[in-house]
Amino acid sequence: MTEFFQHLVNGLSLGSVYALIALGYTMVYGVLQLINFAHAEVFMLGAFSGYYLASWLPAFQRGPRFLVVLSLSMAICAGIGVVIERFAYRPLRNSPRLNALITAMGVSMLIQAIGQLPFFMGPSPRFFPPLLPNRSLLSVAGVGVTTLQAVTLGSAVLLMIGLHRLVFHTRFGAAMRAVSFDGRTAGLMGIDANRVIALTFMVGSALAAAAGILVGLSYPRIEPTMGVLLGLKAFVAAVLGGIGNIRGAMVGGMTIGLVEAMAVGYGSSSYRDAVAFGILILVLVFKPSGIFGKAVVEKV
Amino acid sequence: MTCRQSRGPLDRGVGRSAIPRGASLVLLCAVVALAGCERKSGARSAPGLGTGGGSSEATEILFGEVASLTGPEATFGQSQSRGIALAVKEINEAGGVLGRPIRVITYDNQGKPTESAAAAHRLVVRDRVHVLLGEVASSRSLAMAPIAEEHGVPMISPASTNPRVTEGRQWVFRTCFIDPFQGRVMARFAREELGLTRVAVLRDVRNDYSVGLANFFVDAFTELGGTVVSDQSYSAGDIDFRSQLTEIRAKNPEAIYVPGYYTDVGLIARQVRELGMNVPLMGGDGWDSSKLYEIGGDALEGSFFSNHYSFENPDPIVQGFIARYREAYGEVPDALAALGYDAARLAADAIARVGSLERAAIRYALATTREFRGVTGTITMDDHHNPVKPAVVLKIRNRAATFARTIEP
């Protein structure tokens with residue numbers, strides 16, 4: 001039983017990271033019907049912004065330093081998200097969807113390849129500085145929770161609540177849902193679709209940056225190719241929850257994290273990735289719209 | 001706007017004009033990505049000599065190197081490349097081989113087996129190199145080996161320890177020991193020196209090297225009377241190992257054998273400590289990189305790994321190499337640099353011994369190598385093109401690998 005709860009804790013802390021990244025995929029899909037493959041690279045750039053900020057901002061002490069690095073990285077990546085949208089996707093807004101999809105892959109590969117040049121990040125993994133002390137927070141009957149696991153889960157949940165309020169309780173959220181529902185009509189009603197889309201990219205990219213920092217803290221090895229596998233898993237999580245649906249991304253991320261932890265714990269660890277991608281196949285075969293795909297009419 | 005809008009005649013014009021721009025952007029991305037993976041470096045560029053492989057064949061000896069200069073285990077390729085470059089520079093300064101200078105052509109494989117095969121093919125067919133050098137990782141050497149076989153070009157892998165790399169092949173050699181031996185070394189050390197009986201194994205299931213080494217360790221350790229209490233796996237690139245380690249913790253082992261690459265081992269070590277386990281980790285030569293200590297930090301203190309050489313070896317050959325390497329690159333060479341150095345010198349030695357650039361003659365000279373004095377030990381090729389040489393076990397103290405013991409074959 002001890003093992004079960006330890007797997008539960010492990011799964012939830014990993015799942016919250018998947019969920020944060022999945023939110024970016026799902027939001028962009030919601031408004032543009034575009035799978036933004038470059039999102040995984042924004043996540044990677046978030047981790048690296050945190051890395052560089054932490055080494056350039058030694059003046060801040062431990063507690064606030066984490067929050068300063070987190071918010072600045074989120075701001076930087078929000079900017080990067082807008083730039084990607086402006087130069088890679090907006091020119092293709094009216095061309096067939098496939099063009100935008102291939103462009104997304106191209107942008108993803110471009111950022112990965114450039115990141116590996118020695119002039120930028122270089123190919124070798126870097127050590128992410130410990131912004132927060134990592135110690136055992138509580139230990140009940142052999143089940144340990146570290147401070148970092150708690151911070152990861154806590155920050156992820158707070159950010160998701162914030163996003164939920166933004167989307168469902170603000171004017172911007174209403175505009176976003178309107179564009180998602182029908183972009184042309186929303187435009188006729190006086191909503192500036194381009195602005196809404198740019199803002200969506202900003203929010204999604206900021207969440208990816210937060211995920212990058214949280215991953216860097218818990219798993220302090222960052223490299224330009226770190227987004228590939230995590231991004232793919234998060235994408236699976238978004239599809240599982242019903243791509244385009246915010247609650248779906250949260251639930252999907254947590255589910256994938258938990259299923260992976262349990263698959264390793266009670267099945268065979270060799271099949272960890274196979275389980276995650278097997279879920280994707282099952283979802284696509286039996287319920288292509290995902291868990292929340294049909295239950296909720298309103299998409300974001 | 002969404003893509004849900006109708007494509008009426010009004011939209012058509014806008015759509016058209018955007019298509020070529022999109023296509024060119026994709027093309028641009030592809031070109032940049034491709035340009036990033038290819039790097040030529042002449043270890044010694046003689047002015048006036050043609051750069052094309054074919055035209056300069058008469059005057060230069062060409063070594064073709066495939067290295068992981070980028071990708072997840074980039075320090076492997078960078079060390080190998082530096083070792084080879086240093087050896088070639090020294091040979092050329094001493095007058096070259098058969099009166100000719102050596103030139104190294106290096107292609108980056110981004111740490112991917114498919115790219116390694118492509119790079120090897122290009123070196124063999126287009127650059128027409130005399131000897132193929134590389135790779136460190138067994139998976140990537142295994143991708144190169146069939147090309148060397150098919151085209152009849154001698155290939156030396158400096159550091160691939162998986163037996164299948166040279167098994168049943170005519171043209172493929174290596175300068176390192178092989179995994180059945182390396183696995184046995186750590187099993188013997190754990191049983192005889194540390195007196196351990198219960199050990200867990202955590203292997204990288206997507207890596208030929210890691211799977212092979214784990215199997216050889218398990219066989220040897222059980223044969224010596226020990227028990228493997230848990231055998232878990234991960235895939236390279238994973239960041240979370242807590243689930244596997246929670247399983248291992250439940251079995252209460254005395255040590256964990258992690259025959260993976262340094263990139264993953266550092267993170268694994270941290271998570272082992274976070275889960276409250278204080279047992280030592282053990283591993284193989286894939287641990288050898290300064291990055292290991294950067295990522296693993298203090299979590300690796302007191303752990304052991306088997307390796308090809310120790311920088312504490314007082315042998316003048318070793319110390320001389322370390323001094324020259326340090327002068328050139330400003331760091332202590334790891335084992336992969338030492339093996340790269342040995343591989344390039346072995347190739348030059350074979351050419352000098354046989355006095356010919358005929359590929360079949362070089363192959364013959366390599367196969368009959370006896371008592372070649374390298375930095376990583378004395379190399380005598382056995383019938384399967386594997387050198388017979390001792391291994392060292394290193395202990396990690398104060399974030400450095402200190403010598404613990406030599407184990408003879």
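Strand 10 of chain B, residues 304-307, is covered on both of its faces. B:Phe304 and B:Ser306 lie on one side, B:Phe305 and B:Asn307 lie on the other, and all are buried. A residue is called buried if 20 or more other C-beta atoms lie within 10 Å of its own, exposed if 12 or fewer do, and partly exposed in between, with C-beta atoms placed from the backbone. Strands and helices are DSSP runs numbered from the N terminus: a helix is H or I over at least four residues, and a strand is E over at least two. The model is predicted: local features need pLDDT of at least 70 and side-chain atom pairs count only at pLDDT 80 or more, whereas totals for chains, interfaces and linings use all residues. Residues are numbered from 1 along each chain as its sequence is written, while chains are lettered from A and ligands numbered from 1 in the order in which they are written.

Strand 10 of chain B has two partners to consider. Two strands pair if DSSP finds at least two bridges between them. With strand 9 (residues 281-283) of chain B, strand 10 of chain B pairs in the parallel sense over 2 bridges, and B:Met282 stands opposite B:Phe304. Strand 13 (residues 391-397) of chain B runs antiparallel to strand 10 of chain B, and 4 bridges join them. Here B:Leu394 is the bridge partner of B:Phe305.

Strand 9, helix 9 and strand 10 of chain B make a right-handed β-α-β unit. Right-handed means that, with the strands pointing away from the viewer, the path from the first strand over the helix to the second runs clockwise.

The view may now widen to the whole of chain B, which has 12 helices and 14 strands. Of its 409 residues, 54% count as buried. Among the contacts in chain B with a separation of 6 or more, 67% are between residues 24 or more positions apart; two residues are in contact if their C-beta atoms, placed from the backbone, lie within 7 Å.

The domain assignment of chain B gives domain 1 (61-177 + 315-389) and domain 2 (180-307); such bounds come from an automatic or database assignment. The contact between them takes 14 residues from domain 1 of chain B and 16 residues from domain 2 of chain B. On the domain 1 side, helix 4 (138-151) and helix 11 (335-354) of chain B each give two or more residues. Helix 4 of chain B gives the most to that side, with 3 residues.

Chain B also touches chain A, in a contact that takes 47 residues from chain B and 49 residues from chain A. The largest share of the chain B side, 13 residues, comes from helix 1 of chain B. That side divides into 20 nonpolar, 18 polar and 9 charged residues. In this grouping Ala, Val, Leu, Ile, Met, Phe, Trp, Tyr, Cys and Pro count as nonpolar, Asp, Glu, Lys and Arg as charged, and the others, Gly among them, as polar.

Chain A itself has 11 helices and 4 strands. Its radius of gyration, 19 Å, is close to the 19 Å that the globule rule gives for 300 residues, so chain A is as compact as a globular protein of that length. The radius is taken over C-alpha atoms, and the rule is 2.2 Å times the number of residues to the power 0.38. Buried residues make up 57% of the 300 residues in chain A.
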